[in-house]
Amino acid sequence: MDWTAAPDAWLSRLVIQRGVAVVYLLAFLAALREFRVLAGERGLTPAPAFLRRVPFRRAPGLFHLHYSDRALAAVAWSGAALSAAVAAGAADAVPLGGSMALWAVLWVLYLSVVNAGQTWYAYGWESLLLEAGFLMVFLGNDDIAPPTVTLYLVLWLVFRVELGAGLIKWRGDPCWRDLTCLYHHHETQPMPGPLSWWFHHLPRPLHRVEAAANHVTQLIVPFGLFLPQPLATWAALAVIATQLWLVASGNFAWLNWLTMILALAAVDGATAARHLPLPAPPDGQGDAPAWFTVAVLAVAAAVAVLSYWPVRNLLSSRQQMNRAYNGAHLVNAYGAFGSVTRVRHEIVFEGTSDPDPGPDTRWRAYEFHGKPGDPRRLPRQFAPFHLRLDWQLWIAALSPHAPAPWLRPLVRRLREGDPAVLALLRANPFPGRPPAHVRARVHRYRFTTPRERRETRAWWHRTPLGVLLTTEHG
């Protein structure tokens, strides 16, 4: 690659941009499914009240002009339609300026959703999507060769994701340093997948190898992304292989998929073209116009300035995890699982038709799509789709002695039989009429042993610990 253009990277650009567009599509569809319930006008944490408290500079977005559930639906449907069009090639079918405008609109629409979403959107992969989506504006389209500077900005993003995750582990929980964290992680992670039970029961020496390989991939390999070819390609492939392992072992929304997509910026396109049956590069890739080159260099300069804060965070012994330093969610700090829980708690919601519950009252459980519930139900694969309510319930169960402020409204909505809330659940045990009472109980969950699995056909063993919230006393 020369310093301005990398013609051989046309395929990497195509896959990266189409992949980011697909992730945008999933994110907007998730907003259509759940935003109104979680943060809408009558949501568990209403966005209008939040937007009145928070100034525009801290949470910029369209909803500071006006928020309503209809406005949210218009933004999310527009984003879904536009991202689907871009994934199908719309940004390559228009002139360069039009392509940039399409990507910029996608970024503004999703930024508006994230900055109104409060705790439901306070995940590192939301900032990752916004930062990646912003860089797509300056990656060009078929009219020009991929700009080298933007490709390196993408690699700088992947570098921060990987190294941030590696350092937060090494500095955090001692079990990462003695290689024992994965004795627990597959069982206690937020949303286990269909293979997590088997991963948990791998021999302990293999768990130690997993942890050691994770350190190599996240602490050493990221530096290889900036080395000459073919070393950069091998580093990217190592990142992709590690992310695929994480995809197989759990559900982490689009974090792993987006990281893999972005890592392709380091892959040597010329070598791939020689060894794989790939389509021909697009015709007419010319030189970038001067105004575009100036815009790319200006963005690079801005990223260099904004990188001061995440770099300082990476070097700090008090490293923070998943921190956005500005309302635009640009040039963020990333990280994951600086600490690993040893015991899994789950909040189980139950209802009864008995108006005066007693010791013999039959309570029936509500079932969620992603979080563990029925011990006999095999965990499902939902990533790269994001089930925010299920994830937040895992977080809430980490500190059951201090219930999250939205838990009581959730219990009340279940008691009222709110159709919008029930639509987010897998099973409603009261389809005819709402229950007389609803309660939230805390349970200790653990994976069954292979012997228990054969005898009971259950994937989980659970032990009730006590009632967290109930509507019995108002």
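Let's start with the lining of the second largest pocket, which divides into nine nonpolar, 10 polar and two charged residues. Please keep in mind that this is a predicted model. The second largest pocket has a volume of about 430 Å³. Of the 21 residues that line the second largest pocket, N115, Y121, A122, A324 and H329 are the closest to its centre.

Now for the largest pocket. How much space lies in the largest pocket? About 1100 Å³. It has 48 lining residues, and if you look for its centre on the screen, the closest of them are K169, H185, F252, A336 and F337. Several elements each give two or more residues to this lining, including α5 (124–136), α6, α8 (185–188) and α12 (231–249). Which element gives the most to the lining of the largest pocket? That is α10, with six residues. By class, the lining of the largest pocket has 26 nonpolar, 19 polar and three charged residues.

Helix α6 covers residues 148–171, which makes 24 residues. Is α6 largely enclosed or left open? Of its 24 residues, 21 are buried, so the rest of the structure largely encloses α6.

Let's finish with charges. A search of the whole structure finds 15 salt bridges. In one of them, the side chains of R342 and D173 meet, with N to O at 2.5 Å. R342 sits in the loop between α16 (308–315) and β1 (344–352), while D173 sits in the loop between α6 and α7 (174–177), so the pair ties together parts that are 169 residues apart in sequence. R342 is partly exposed, with a relative accessible area of 37%, whereas D173 has 9% and counts as buried.

Next comes R344 with E346, where the closest N and O atoms are 2.8 Å apart. R344 counts as buried, at 1% relative accessibility, and E346 counts as buried, also at 1%.

My last pair is E367 and R426, whose side chains meet in a salt bridge at 3.9 Å, N to O. E367 lies in the loop between β2 (364–365) and α17, and R426 in the loop between α19 (419–422) and β3 (437–447), so this pair ties together parts that are 59 residues apart in sequence. E367 counts as buried at 11% relative accessibility, and R426 counts as partly exposed at 36%. Finally, salt bridges that share partners join R33, E34, E126 and R388 into one network.

How values were computed: Residues are numbered from 1 along each chain as its sequence is written. This is a predicted model: local features need pLDDT of at least 70, side-chain atom pairs count only at pLDDT 80 or more; totals for chains, interfaces and linings use all residues. Side-chain values use heavy atoms; hydrogens and water are left out. Helices (H or I, at least four residues) and strands (E, at least two) are DSSP runs, numbered from the N terminus. The expected span of a helix is 1.5 Å times one less than its number of residues. Buried means under 20% relative accessible area, exposed over 50%, partly exposed in between (1.4 Å probe, protein chains only). On a 1 Å grid over the protein atoms alone, a cavity is a set of points where a 1.4 Å probe fits but cannot get out, and a pocket is an open set with protein on both sides within 12 Å along at least five of seven lines; lining residues have an atom within 4 Å of a point. Grid points are joined across faces, edges and corners, and a volume is the space filled by probe spheres set on the points. Ala, Val, Leu, Ile, Met, Phe, Trp, Tyr, Cys and Pro count as nonpolar, Asp, Glu, Lys and Arg as charged, and the others, Gly among them, as polar. A salt bridge is a side-chain nitrogen of Lys or Arg within 4 Å of a carboxyl oxygen of Asp or Glu.
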